[in-house]
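Subject: Structure handover

Hi,

Here is the structure you will be taking over. Please open it first, then read the notes below.

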Amino acid sequence: MQESALEKLRAVIDRLTAPDGCDWDKVQTPESLADYLIEESHELVAAIRSGNVQDVREELGDVAFLLAFISKLYEKKQAFTLDEALEQNAAKMIRRHPHVFGDTVFENMDEQLKTWEKIKRAEHQGEGGRPKGLFDSLPASLPPLIKAYRLHSKAARVGFTWDEDQEVEQQVEAEWLEWLDVSAGDDTEAQKHELGDLLFSIVELGRRKGIKANEALDYATIRFLRRFQRMEELARERGQDFNALPLDDKDELWNMAKAEESGKAE
């Protein structure tokens with residue numbers, strides 16, 4: 001029987017961590033690999049958003065390697081095997097999708113998500129059998145924009161949100177006015193507070209439109225970097241020192257770079 005790709009990968013990890021294997025790999029622990037997993041996950045996300053399929057394949061392989069590596073280390077501790085982790089996840093997905101693997105029928109997506117949340121909370125009991133709180137499973141280390149999105153999303157599943165999109169728009173407007181008010185002064189803490197409230201409200205406004213603020217902002221930064229790099233290229237083509245150019249000239253280059261993008265999009 002032909003060896004599967006996963007089996008080959010696990011064999012590579014066995015060789016790397018063998019007594020005569022790689023000195024670096026032999027001393028790794030799940031804890032030491034955690035930051036590498038975060039880094040590689042970010043690289044995978046960047047590749048996905050770039051649209052470069054070859055990069056996605058490579059980065060997906062890197063993430064898979066680390067997951068297999070970490071599971072192998074737990075297996076050596078006799079804590080659990082990769083098969084056990086995968087089987088547990090498969091059972092969990094079946095349990096949380098009663099409309100697919102059972103005869104449950106949901107009227108809409110909101111009802112489905114609310115049921116998902118109920119099942120998830122029932123799975124994780126707190127001390128003394130007390131159900132965990134709604135946000136207990138939310139990682140504290142999540143990036144702020146992602147965390148804000150998840151907070152809004154989970155709160156909405158239990159009905160703690162505005163009824164209409166218009167109300168959210170009004171909330172964003174109100175937060176903007178509060179920001180303008182404090183920004184005219186010199187109270188840094190108050191400014192930080194109001195800016196945070198404004199961003200938090202904008203995240204919810206996007207969520208209701210099916211937009212994740214973290215993703216939207218990431219694409220905005222990618223566009224900015226691409227256009228800025230093109231501005232620098234245009235300046236070099238003209239024999240100009242970009243840094244020394246006045247703002248009006250930089251604005252002209254920016255508009256040229258932006259127009260080129262629009263032309264390519266058409």
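**Pockets**

About 270 Å³ of space lies in the second largest pocket. A pocket here is an open set of points on a 1 Å grid over the protein atoms alone, with protein on both sides within 12 Å along at least five of seven lines; a cavity is a set of points where a 1.4 Å probe fits but cannot get out; lining residues have an atom within 4 Å of a point. Grid points are joined across faces, edges and corners, and a volume is the space filled by probe spheres set on the points.

Before going on, two notes on the source. This is a predicted model: local features need pLDDT of at least 70, side-chain atom pairs count only at pLDDT 80 or more, and totals for chains, interfaces and linings use all residues. Residues are numbered from 1 along each chain as its sequence is written, and side-chain values use heavy atoms, with hydrogens and water left out.

Back to the second largest pocket. Its lining is made up of Asp110, Leu113, Lys114, Tyr149, Ser153, Ala156, Arg157, Gly159, Thr161 and Arg207. Helix H7 (109-123) and helix H8 (144-157) each supply at least two of the lining residues. H8 gives the most, with four residues. Helices are DSSP runs (H or I, at least four residues), numbered from the N terminus. By class, this lining has three nonpolar, three polar and four charged residues. Ala, Val, Leu, Ile, Met, Phe, Trp, Tyr, Cys and Pro count as nonpolar; Asp, Glu, Lys and Arg count as charged; the others, Gly among them, count as polar.

The largest pocket has a volume of about 530 Å³. Its lining has 16 residues, and His42, Val45, Pro143, Ile146 and Asn214 lie nearest the centre. H3 and H11 each supply at least two lining residues. The largest share, seven residues, comes from H3. This lining divides into nine nonpolar, five polar and two charged residues.

**Cavity**

How many cavities of 30 Å³ or more does the structure hold? There is one. The largest cavity has a volume of about 70 Å³. Glu117, Lys120, Arg121, His124, Lys132, Gly133, Leu134, Asp136 and Ser137 line it. Of these lining residues, one is nonpolar, three are polar and five are charged.

**Salt bridges**

A search of the whole structure finds 19 salt bridges. Each is a side-chain nitrogen of Lys or Arg within 4 Å of a carboxyl oxygen of Asp or Glu. Here are some of them.

- Arg227 pairs with Glu261, with the closest N and O atoms 3.0 Å apart. Arg227 lies in helix H11 (residues 213-237) and Glu261 in helix H12 (residues 247-265), so the pair ties together parts that are 34 residues apart in sequence. Arg227 is buried, at 14% relative accessible area. Glu261 also counts as buried, at 19%. Buried means under 20% relative accessible area, exposed over 50%, and partly exposed in between (1.4 Å probe, protein chains only).
- Glu233 and Arg230 meet in a salt bridge of 3.1 Å, N to O. Both lie in helix H11, three residues apart, about one turn of the helix. Glu233 is partly exposed, at 33%.
- Glu75 and Lys72 form a salt bridge, with the closest N and O atoms 3.9 Å apart. Both lie in helix H4 (residues 53-76), three residues apart, about one turn of the helix. Glu75 is partly exposed, at 25%, whereas Lys72 is buried, at 10%.
- Asp165, Glu204, Arg207, Arg208 and Lys209 are linked in a network of salt bridges. Arg207 also lines the second largest pocket.

**Two single residues**

Gln28 sits in the loop between helix H2 (23-26) and helix H3 (30-50). Is Gln28 buried or exposed? It counts as buried, at 10% relative accessibility. Its side chain makes a polar contact of 2.7 Å with the side chain of Ser32. A polar contact is a pair of N or O atoms within 3.5 Å; within protein, one must be able to donate a hydrogen and the other to accept it, and residues adjacent in sequence count only if both atoms are side-chain atoms. Not counting residues up to four places away in sequence, Gln28 touches Leu33, Phe69 and Leu73. Contact means heavy atoms within 4.5 Å.

Ala85 lies in helix H5 (residues 82-96). Ala85 counts as partly exposed, at 32% relative accessibility. Ala85 and Ser71 are 14 residues apart in sequence and 8.5 Å apart in space, C-alpha to C-alpha.

Best wishes
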